[in-house]
Amino acid sequence: MTARTVYYSSSPEMDTEQSRGSTTTSSRPRQLPGSACEECRRRKLRCDRVQPQCGACIDSGTNCVMRATNPPRGPKKGHLRALRNQIAQLASRLDEQDNLKKTTSSSNRSMSPNESGSDNSMSNDPPPPPPQPAPLALMSPMSNPSDSMQLWSAGPMSTPASSLVAPLSAIDDNYFDLTFTNTMINPADLDMDTTTQTSTDMYLTDLVCNDLDLLYFNRVHPFAPMLQKSRYMAWSKQLGKSKEHTCLQYAMWTLAASLSSQFHFLRKRLYTETRQMLDALELDCGPPSETGHQPLLLERSQAWILLSIYEFTSVEYQRGLVSAGRAFRMVQLTHLYEVDSPNFVPNRPGDWDDLESMRRTFWLAYTLDRFTGINNGPALTFIEQEIRTRLPAPEANFIGGRPITMPFLSEVIAQNTNNSSYPASPGGSTSGGAFSTSPFVESILVATICGRCLAHKQRSSVEQSYSELEVTPDFCRRHRWLDSILTSRIETLSAQTAAYTPTEIPDPTLIFAALVANLNVLVLCEVIESMPLGTEESHSLLLEYNHRSLKAAQEIGSLATTLTQLNHFQMKHHLKSITDKSFDQNHPFTPIPLLSTARFCVAHAGSNDAYNPQLQYIYTALKALANANNMAKNYFQIIGMEMGSGQDLGL
């Protein structure tokens with residue numbers, strides 16, 4: 001077969017056009033004159049170099065910084081050579097230790113028992129020195145060698161160098177840029193729960209940090225909605241973050257890692273470093289501002305709130321109480337309980353988004369104070385009569401930055417007493433002109449009623465000791481008033497949970513609010529049972545609450561059954577909420593009302609067998625939650641001991 005040759009000819013006209021095109025291309029500059037701004041360099045964007053702000057910085061809302069001269073890239077001169085020399089010294093020491101061990105073991109095998117006992121020369125030799133741990137700056141490519149002695153870098157490292165030093169042939173100039181870039185870490189290969197401490201910096205790559213941020217806003221933000229995602233994403237990527245922002249970010253990652261199966265092994269490391277950084281801030285407080293407040297105290301308050309939630313659910317309940325108390329005092333120091341008061345002066349300028357974040361931080365601390373008081377008594381920190389902060393705005397307004405004027409807590413409670421809906425505030429848009437409550441606001445209202453019921457129980461016991469065992473009219477009037485607002489709240493919660501179809505699961509915050517609301521019925525029943533039955537009104541109250549307490553226990557048992565359908569880490573795909581948002585996390589304080597209800601059922605099971613099935617439901621729910629919540633695990637064991645490990649109930 002003969003190959004055919006094809007000849008291509010070019011005309012003079014084509015050559016002329018090609019030469020014109022090449023001349024035009026070569027005359028056009030490759031890029032715009034000048035240097036790109038720091039933000040575009042970091043994000044690897046094409047900067048238009050417009051002064052004073054480029055287009056990319058205007059779109060992202062960041063400060064545009066352009067440098068006339070750029071520092072040289074890469075490590076300092078001689079740094080890699082020094083690192084190679086240090087690693088070579090460590091490797092030689094390890095080789096000497098290995099050779100010495102081999103020599104010692106071979107000589108021991110060659111000696112007989114008599115020879116080993118008679119040879120004194122070997123027994124007099126000093127033991128070989130143990131291998132020294134490698135410096136943290138060598139092992140962690142994410143850390144700066146100059147920061148290895150500072151607390152804001154990782155803690156001391158005690159992992160043997162033999163397990164981390166790479167061969168010299170494998171080390172080149174790009175070694176420290178390519179190490180630990182794979183985020184798929186096998187937790188089975190890391191004994192993260194032993195005393196061997198390693199820095200979390202080697203695991204916190206950009207991809208891991210982005211995943212932890214996403215986990216936080218998907219699983220933590222639904223029950224702790226105090227941070228705006230867009231604002232967080234803006235300052236979290238900045239190069240020069242403050243220590244307070246770093247503490248807050250680590251606290252967010254700690255709680256997010258505890259709710260993730262993929263990063264669960266990192267939770268203790270992140271927790272330890274967060275505690276160290278927060279404790280260091282206590283010793284390194286900056287000068288007070290003109291208003292007398294410490295700068296950036298809001299971020300520290302938020303970090304302590306998140307850290308206390310982690311301690312409640314993953315460490316120890318008592319330690320969580322101590323950390324929560326520190327958060328409460330910081331909230332009081334920043335006067336977050338009077339954000340909407342005319343006398344409130346913030347310690348830094350801000351817009352509506354910043355004020356809304358302050359409101360949500362206070363209300364989260366407020367609910368934490370009330371809910372933890374269920375098992376610890378009514379020693380509450382925040383006084384309801386002093387609150388001058390409006391209720392948090394709907395989530396859509398907070399995310400989108402759309403200002404709206406919300407009512408005060410006292411106004412909503414007063415309207416609930418009259419069994420009517422609060423009218424819409426100026427700027428609000430709700431159906432029918434009624435005040436529409438979000439799950440977070442419902443938890444605030446229920447927490448308020450819970451605090452009042454606990455205070456009523458304590459005050460009644462004091463009145464009983466001073467009133468010669470008689471039910472006072474003031475007690476009956478106060479009890480009826482609490483019963484009125486509690487009944488109104490339970491009806492509202494029942495209507496909201498009933499709006500979901502059988503294939504949908506309500507918001508876990510709504511389930512938790514309904515649990516606490518029905519628990520308050522049991523608290524009021526205990527108050528009536530402790531009072532003397534000397535009047536006809538006390539008899540009628542007792543009969544009424546015997547019936548209502550059983551109904552409330554049955555409702556809690558039904559809600560406990562719903563809790564078993566909520567998976568801790570992942571929801572089934574066909575279970576979606578009414579807003580097409582997947583909820584894959586129970587409220588962290590769900591075990592608290594379950595424990596109190598179980599104790600009530602155990603105390604009343606002897607007089608009424610109808611409490612036994614409800615106790616079984618609660619016991620099963622706590623068992624399901626125990627795998628992911630340390631508080632539920634402890635309460636599960638407590639209930640098992642109090643009811644004799646369930647033998648009387650057939651568990």
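# Reading the labels

Q: Why is Glu526 called partly exposed?
A: The relative accessible area of Glu526 is 28%. Buried means under 20%, exposed means over 50%, and partly exposed is in between (1.4 Å probe, protein chains only). Glu526 has 28%, so the term is partly exposed.

Q: What is the origin of the model, and how are its residues numbered?
A: This is a predicted model, in which local features need pLDDT of at least 70 and side-chain atom pairs count only at pLDDT 80 or more, while totals for chains, interfaces and linings use all residues. Numbering runs from 1 along each chain as its sequence is written, and side-chain values use heavy atoms, with hydrogens and water left out.

Q: Where is Glu526, and which residues beyond its sequence neighbours does it contact?
A: Glu526 is in helix H20, residues 508–530; a helix here is a DSSP run of H or I with at least four residues, numbered from the N terminus. Leaving aside neighbours within four places in sequence, Glu526 is in contact (heavy atoms within 4.5 Å) with Lys457 and Phe600. Glu526 and Lys457 are 69 residues apart in sequence, and their C-alpha atoms are 8.3 Å apart in space.

Q: Why is Lys44 called exposed, and why is Arg49 called buried?
A: Lys44 has a relative accessible area of 73%, over the 50% limit, so it is exposed. Arg49 has 18%, under the 20% limit, so it is buried. Lys44 is in the loop between H2 and H3, and Arg49 has its place in that loop too. Phi is near 55 degrees in Lys44, a positive value in a residue other than glycine; in Arg49, phi is near 60 degrees, also positive.

Q: What makes the peptide bond from Gln51 to Pro52 cis?
A: Omega of this bond is near 0 degrees. Pro52 is found in the loop between helix H2 (38–43) and helix H3 (55–60).

Q: How do you know that H11 is largely enclosed by the rest of the structure?
A: Of the 16 residues of H11, 15 are buried, so the helix is largely enclosed. Helix H11 (residues 243–258) reaches 23 Å from its first C-alpha to its last, close to the 22 Å expected at 1.5 Å a residue; the expected span is 1.5 Å times one less than the number of residues.

Q: What covers the buried residues of H12?
A: The cover includes H11, helix H13 (297–315) and helix H14 (317–333). Among the buried residues of H12 are Arg267, Tyr271, Met277 and Leu281.

Q: What makes up the largest nonpolar core?
A: A nonpolar core is a set of buried Ala, Val, Leu, Ile, Met, Phe, Trp, Tyr and Cys residues joined through side-chain atoms within 4.5 Å. The largest one has 134 residues, and those with the most contacts inside it include Leu306, Phe362 and Trp363. H20 gives the most to this core, with 16 residues. Apart from it lies another core, of seven residues, including Cys47 and Cys54.

Q: How many cavities are there of 30 Å³ or more?
A: The count is six. A cavity is a set of points on a 1 Å grid over the protein atoms alone where a 1.4 Å probe fits but cannot get out, and lining residues have an atom within 4 Å of a point. The largest cavity has a volume of about 100 Å³. Of the 13 residues that line it, the closest to its centre are Phe223, Leu364, Thr367, Phe371 and His587. H15 provides the largest share of this lining, four residues.

Note on methods:
Helix = DSSP H or I, 4+ residues; strand = E, 2+ residues; numbered from the N terminus. 1 Å grid on protein atoms, 1.4 Å probe; cavity = no way out; pocket = protein on both sides within 12 Å on 5 of 7 lines; lining within 4 Å. Points joined across faces, edges and corners; volume = space filled by probe spheres on them.
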